[in-house]
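Please keep the sequence and the model in view while reading.

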Amino acid sequence: MPAIKLSVNEKKDLRFAGLGTAGYLWKCNLDDDSKVKVEKRMDTEPMRSNAVGASHDEIFTVTALKKGIVHASFIQYRNWEAETSAIKKMDYIIEIN
């Protein structure tokens, strides 16, 4: 599991390949949302591919709020289906000093 080390008030962007045209979006689940703030946005840069079905990447900005350790799970799923149906999952440990 990858680790992200941040100082309080430090920010880090995490980029995930999008599949929005197929209905799949990324979501972040935290075990403690009092230590980090997570904001999601779509990449606004021009698409690298003109292929049919190409999607923009999704970017999550993680901001450290206070010291501690947080486990973050990023899943790519269709929001009308159960989270257990996710096609991709990325887990991180966020260490805040």
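A search of the whole structure finds five aromatic pairs, where rings of Phe, Tyr and Trp (its six-membered ring) pair if their centres lie within 6.5 Å, and planes under 30 degrees apart count as stacked, over 60 as edge-to-face and the rest as tilted. Ring pairs link Phe16 and Phe60 with Trp26, Phe74 and Tyr92 into a cluster.

This is a predicted model, in which local features need pLDDT of at least 70 and side-chain atom pairs count only at pLDDT 80 or more, whereas totals for chains, interfaces and linings use all residues. Residues are numbered from 1 along each chain as its sequence is written, and side-chain values use heavy atoms, with hydrogens and water left out.

Phe16 and Phe60 are both buried, a term that stands for under 20% relative accessible area, with exposed meaning over 50% and partly exposed in between (1.4 Å probe, protein chains only). Leaving aside neighbours within four places in sequence, Phe16 is in contact (heavy atoms within 4.5 Å) with Trp26, Asp57, Glu58, Phe60, Phe74, Met90 and Tyr92. Phe16 is also, together with Leu14, Phe74 and Ile94, among the residues that touch the most other members of the largest nonpolar core, which has 16 residues. Such a core is a set of buried Ala, Val, Leu, Ile, Met, Phe, Trp, Tyr and Cys residues joined through side-chain atoms within 4.5 Å. Two or more residues of this core come from each of β1, β2, β3, β5, β6 and β7.

Strand β5 is largely enclosed by the rest of the structure, because seven of its seven residues are buried. Glu58, Phe60, Val62 and Ala64 point one way from β5, while Ile59, Thr61 and Thr63 point the other way. Strands here are DSSP runs (E, at least two residues), as helices are (H or I, at least four), numbered from the N terminus, and two strands pair if DSSP finds at least two bridges between them.

| Strands | Sense | Bridges |
|---|---|---|
| β6 and β7 | antiparallel | nine bridges |
| β1 and β7 | parallel | four bridges |

Within β5, Thr63 stands opposite Lys11 and also opposite Lys37. In β7, Lys89 is the bridge partner of Ile75, Lys88 stands opposite Gln76, and Ile93 stands opposite Ala3.

Four strands form an open sheet of mixed pairing in the order β1-β7-β6-β3. β1 and β3 stand at its edges with a single partner strand each, so one side of each is left without a neighbour in the sheet.

Finally, the loop between β4 (36-42) and β5 holds Ser55, which counts as buried because its relative accessibility is 17%. The side chain of Ser55 makes a polar contact with the side chain of Thr21 at 3.0 Å, and reaches the backbone nitrogen of Gly20 at 3.2 Å. A polar contact is a pair of N or O atoms within 3.5 Å; within protein, one must be able to donate a hydrogen and the other to accept it, and residues adjacent in sequence count only if both atoms are side-chain atoms.
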